[in-house]
Amino acid sequence: MTAGFAQTAQPGGATYLDRSPQDEVIYFVLPDRFANGDPTNDRGGLSGDRLTTGFDPTDKGFYHGGDLAGLTARLDYIQGLGATTIWLGPIFRNKVVQGPSGRESAGYHGYWITDFTDVDPHFGTRAQLKALVDAAHARSLKVYLDIVVNHTADVIQYRACAATGCDYRSKADYPFVRRGGVAGAVINDGFLGDQAERQTAENFARLTRPDFAYSPYVPENEATIKKPAWLNDPIWYHNRGNSRFTGESSTYGDFSGLDDLATENPRVLQGFIDIYGQWIDDFGIDGYRIDTARHVNPEFWRAFVPAMLARAKARGIPNFHIFGEVAETEPGMLARFTRVDGYPAVLDFAFQGAVTDVVNGKTGTDALGRLFAQDALYEGGEAAALQLPTFLGNHDMGRIGHFVRLAHPEASDEEVTRRVLLAHALLMFTRGVPVLYYGDEQGLAGEGGDKDSRQDLFATKVPAYAATQLLDGRSAAGDHFATDGALYQAISAMARLRTAEPALRRARQVVRTASDKPGLFAVSRMTQDREVLVAFNTGLTPITAQIEVDETSRTWRSAHGSCAAAATAPGSYRVEIDPLDYMICVSEVGQ
């Protein structure tokens, strides 16, 4: 479907490379769950049962067959939605199956990496990835990769663990220079710790033994499973047991058993600069979403991020977008990663929480006012907040349709759909870079997070997926690539309006009105010569109100909804908004 498709010209003769991060509409997709373009790779080139191949399309926790060829064949569908960037869940080679006996699952999601240099054969080949990226670029679509630095797959094991697992062992109780505790034998003599000022090659050369907390080992059958080969040596890992996700263990502990890399070590830092720099060189990737960013020390990011931006610039990619996953709902905690860790942007979990509560009527619209008032906390202030990827749900927490249904179990399908569309309008037209989660545009809702939010877009064989209902009440069985549905059409129209109106992508945002109850919320997107007023009604009754606008905004036109042709008086504009609806009005400043 992509053959002969010429690169779409941008305004002024520019190309997709000239678009700033805030110009994008991102479509986040898990390749295994999108489209199966090549059934011959379903088992990843392996033979045997599902515990060997990882393939079981009837089980939520195993590979279902989606791949890079399927994505490439469906670029029309993604572009038709109005997306300008595809964010791929990790496509690197994963450990096929892991987990305790009877509770195994497969690496279909991509976060259990063993080989950081190759594409997982369940998804295809490096050549197929290149074909996808090249086809996307020919359409002026960008491609972002989801990458992992914090950990690898669970390969390293520890001797003498309790039957309940390997509990975290702290640096105080198990220092680097003693074996198995403070009273143990002296090891790693002369190593001065891994604090920021000690993260030098000279100091880490003295850290030669990894058995300070546990005695780690690699099972013989997995001795060379990781690539690059240096990753097979336990010396490059923390080896302190499972994270408790608090305090020191949040950075040094294994994430649910996954091997936690010692990112304080200069060798590890340089190794990952080399790894992910090469993917930019080889494929012309346009950006990285970085998994588990909060679980890595800040010094690593302060070196890694500039190195990636420099590598991209050298490759001719001036607007490379890097954003980290930090699962925090407090803007101050999110902003810390832009100020301390040096991230250009982080996923805006605070936005997700606020919008969900507001569209569900759980809080007043002032929750959004408070959220946006804290944009000044980010490094670079309000302008930097324009680059924050915003979203309504994801593959971990669940879908926006599920959140609305949960909050309104007695609501009609129509009301649920209207609330979901209102959430998308807030996503598209307030500050930030909107991220659409694949399948939301088809009304997939699911019944929870994690595996329950990772449905197949192609015809599913998972009974639980097929048994659920779409937002409009239809069965979720069958495939979901129709482009004439109400949700797809509405979201596509929003995306295209955002792309067509620069002020909705780049302009300064001014909160005009908010309330401590469900109802009116309005913002202006302001440039030197234009004001775009976006007003939302999160309540169940119509709203008629006067909203403050710039005094020079005299004449108006409608971009969405029924907008008055003129200001009521200088500085005041009348809006009428139906329940669970929104309007967008545009004025040329000074007219």
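Q: How many residues does the largest nonpolar core have, and which of them have the most contacts inside it?
A: In soluble globular proteins, nonpolar side chains tend to be buried together. A nonpolar core here is a set of buried Ala, Val, Leu, Ile, Met, Phe, Trp, Tyr and Cys residues joined through side-chain atoms within 4.5 Å. Buried means under 20% relative accessible area, with exposed over 50% and partly exposed in between (1.4 Å probe, protein chains only). The largest such core has 155 residues, and Phe272, Tyr276 and Phe304 have the most contacts inside it. Helix α14 (residues 413–429) gives the most to this core, with 10 residues.

Q: Where does this model come from, and how are residues numbered?
A: This is a predicted model, where local features need pLDDT of at least 70 and side-chain atom pairs count only at pLDDT 80 or more, while totals for chains, interfaces and linings use all residues. Residues are numbered from 1 along each chain as its sequence is written, and side-chain values use heavy atoms, leaving out hydrogens and water.

Q: Which residues is tyrosine 276 in contact with, leaving aside its neighbours within four places in sequence?
A: Contact means heavy atoms within 4.5 Å. By that rule, and with neighbours within four places in sequence left aside, tyrosine 276 touches Phe92, Ile113, Phe116, Ile147, Val148, Val149, Tyr288, Phe304 and Met308.

Q: How should I read helices and strands, and how many are there?
A: Helices (H or I, at least four residues) and strands (E, at least two) are DSSP runs, numbered from the N terminus. The protein has 17 helices and 21 strands.

Q: What do the buried residues of α13 pack against?
A: They pack against α10 (349–359) and α14. In α13 (residues 400–407), the buried residues are Ile400, Gly401, His402, Phe403 and Val404.

Q: What does the radius of gyration say about the whole protein?
A: The radius of gyration is taken over C-alpha atoms, and the globule rule is 2.2 Å times the number of residues to the power 0.38. With 591 residues, a compact globule would have a value near 25 Å; the protein has 25 Å, which agrees. Buried residues make up 58% of the 591 residues.
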